[in-house]
Amino acid sequence: MPAPSPRLRAVLLRCAQAIPVVIGVVVISFLLTRALPGDPAVYFAGIMADDASIEETRVAMGLDKPLPQQFAIYVGDLLRGDLGMSLTSGRPVATDLANRLPASLELTLTALLLACAIAIPMGVMAATRSGTWVDHLCRVVVTAGVSLPTFFTGILLIFVFYYLLGIAPAPLGRLDFIYIEPDHVTGFYLIDAALMGDWETWRGAAKQLILPAGTLALFTLAPVARMTRAAMLTALSSDFIRTARAAGLSGRKVLYAYAFRNALLPVVTTLGMVFSFALGANVLVEKVFAWPGIGSYAVEALVVSDYAAVQGFVLAMALLFVLLNLVIDLLYTAIDPRIGFDAR
Amino acid sequence: MTDAPLPTPRNSGWAHLVYVLRDNPVTLLAFTLFAFLIFCAVLGPSVVPYDPLQTNAAKSLQPPSWEHWFGTDQIGRDVFSRVIVATRLDLSISVAAVALSFVVGSVLGAIAGYWGGWLDAVLNRCLDTIMAFPLFVLAMGIVAALGNTIENIIYATAIINMPFYARLVRAEVNIRRDAGFARAAKLSGNSDLRVLACHIFPNALPPMMVQVSLNLGWAILNAAGLSFIGLGVRPPTPEWGIMVAEGANFIVSGEWWLAVFPGLWLMLAVFTFNLLGDGLRDIVDPRKRS
């Protein structure tokens, strides 16, 4: 067939849809850097700046030029990966963020995997055994999960597992100082340590990771479980399931091959919203556990009014979120049994 | 809360409310807790046993006792008094933010839904762009850009909540734009604005009230989160987020009451609004009852 397959077309279309969103994100992030009350150059030059260095910042950032031209300069800088200099570390913001990004990603992705691994089976069980204790447990967890402030859950977990039970390590970063950092390959300590075959360090890193990841997972668990339950209930009560049952398919096959695969679609869609919450909550969790990721970097920068660092962080998070949403939607086209159905 | 009336059917509204509340004790609990929170916010500062800012070096870091129900903090302030007094500030921030996003979101959503066309397209693009940010991170960025004050916390929370209202109103207005009653109102000589404001928009209020209630809980979490990382409210002002942040330094040495009580109170408030939202949904739309 000369025309591209419907699946490929859907993928290309979705990628194209991300472009205006990225443009919008860049515009907002530009506006945020220019919305500072008074003279932005004064803010970006820092508290210690004198007139000369303020003037220098003004020229360097192009603040003496008209707004459209400033935007062009800003976009040009972004394309070259230049997010400005951090006042606190003295390094380019982009370098700082790149150094710290793996820590945040390791934490967030572990938490999300953990949340999905618990929430999806829980939602399925709650839907198939609706009205039993699993269902009630699911409801309690969901309601409590959305009411719990992440930073408070984190502190409670530290109190119970570090102070009372003494089984968790001190909440001070990614690795206890008695371990040597694994060689930098991916920046994910768990993967790097496994690659080196250093299981001692791997265990050390996993121990540090489990509490913050658990905190974040508790928070993201609720929406996933709720959505899985609702989607499974809808799928199980639909006509094609009745037909499949009437055709004499086994209960397991009906549940997993038919109902679950269809129920996954709305769940994957909610994951986008869940990511938004998780990336925000990530900042709070990193602060609680002194996790050296980009969230705690932004919090430190906020305290000392390091604007370039904060805006770089906001932009990086937004781009990361757009990317994650894109991946989710592509996953959606991959698992949607209906796409490409006509072509077959 | 906003002063919009409770969304009840016109005739037997009160009877229906009583029926639902009797049927659903959880919703009754939610209303009771809500009344309690309002009580704390309004009368809290005048009924607490101690001045929330009064330090007492001789009584620092005391565990909970009859004298100090929630213990005392590192400089001897009564944690119970601080937690209760903080209710007013936390509730005002979130109510102000939600009210602001309610009004702005309603106006934008109603305009886009009623007139459609390029206005609608532009608004949708803008909302998509706001939603393209992780919302808490966007709030951080806005507060960092506008300046670190309580008002800016309110603006930031309002901006990140606004898309939900605008989308809801847009959808509700859009489906009624060409409804019979709207056309009749238009034919009898009402202006577009009047039809929109007095005939179509009120239909969007019931789902909006549910959204407001669910949103309030989220707004409280958001504001407390921002002050937890040091934005907005400054110490020594009593506020839940900041109290948890200060208490966090003492949790590793076992002084749990500093962080746990404000955290629990925060949880209670969020929990109340979430329950209230679910309850209101049952009253407004019995079909969606889960």
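Trainee: Which residues of α2(B) are buried?
Mentor: This is a predicted model. A residue is buried if 20 or more other C-beta atoms lie within 10 Å of its own. In α2(B), the buried residues are B:T27, B:A30, B:L37, B:C40, B:A41 and B:G44.

Trainee: What does helix α2 of chain B span between its end C-alpha atoms?
Mentor: The helix runs over residues 25-47, which is 23 residues. If straight, a helix of 23 residues would span 33 Å at 1.5 Å a residue. Helix α2 of chain B spans only 29 Å.

Trainee: Where does the kink in α2(B) lie?
Mentor: The kink is about 50°.

Trainee: Now chain A. Is A:A298 buried or exposed?
Mentor: A:A298 sits in helix α12, residues 294-303 of chain A. The cut-off for a buried residue is 20 or more C-beta neighbours within 10 Å. A:A298 has 29 C-beta neighbours inside 10 Å, so A:A298 counts as buried.

Trainee: Which residue of chain B is in contact with A:A298?
Mentor: Leave aside the neighbours within four places in sequence. From chain A, the contacts of A:A298 are then A:V283, A:A309, A:V310 and A:F313. From chain B, the contact is B:M140.

Trainee: Which helix gives the most to the side of chain B that touches chain A?
Mentor: In total, 38 residues of chain B are in contact with 40 residues of chain A. On that side of chain B, α4, α5, α9, α10 and α11 each supply at least two residues. With 10 residues, the helix that gives the most is α5(B).

Trainee: How many residues on that side of chain B are nonpolar?
Mentor: The side of chain B that touches chain A has 9 polar residues and 2 charged ones. The nonpolar residues there number 27.

Definitions and conventions
Residues numbered from 1 in each chain as written. Chains lettered and ligands numbered in written order. Predicted model: local features only at pLDDT ≥ 70, side-chain atom pairs only at ≥ 80, totals over all residues. Helix = DSSP H or I, 4+ residues; strand = E, 2+ residues; numbered from the N terminus. Expected span 1.5 Å × (residues − 1). Bend = angle between axes of the 7 residues up to and from the residue. Buried ≥ 20, exposed ≤ 12 C-beta atoms within 10 Å, placed from the backbone. Contact = placed C-beta atoms within 7 Å. Nonpolar A, V, L, I, M, F, W, Y, C, P; charged D, E, K, R; others polar.
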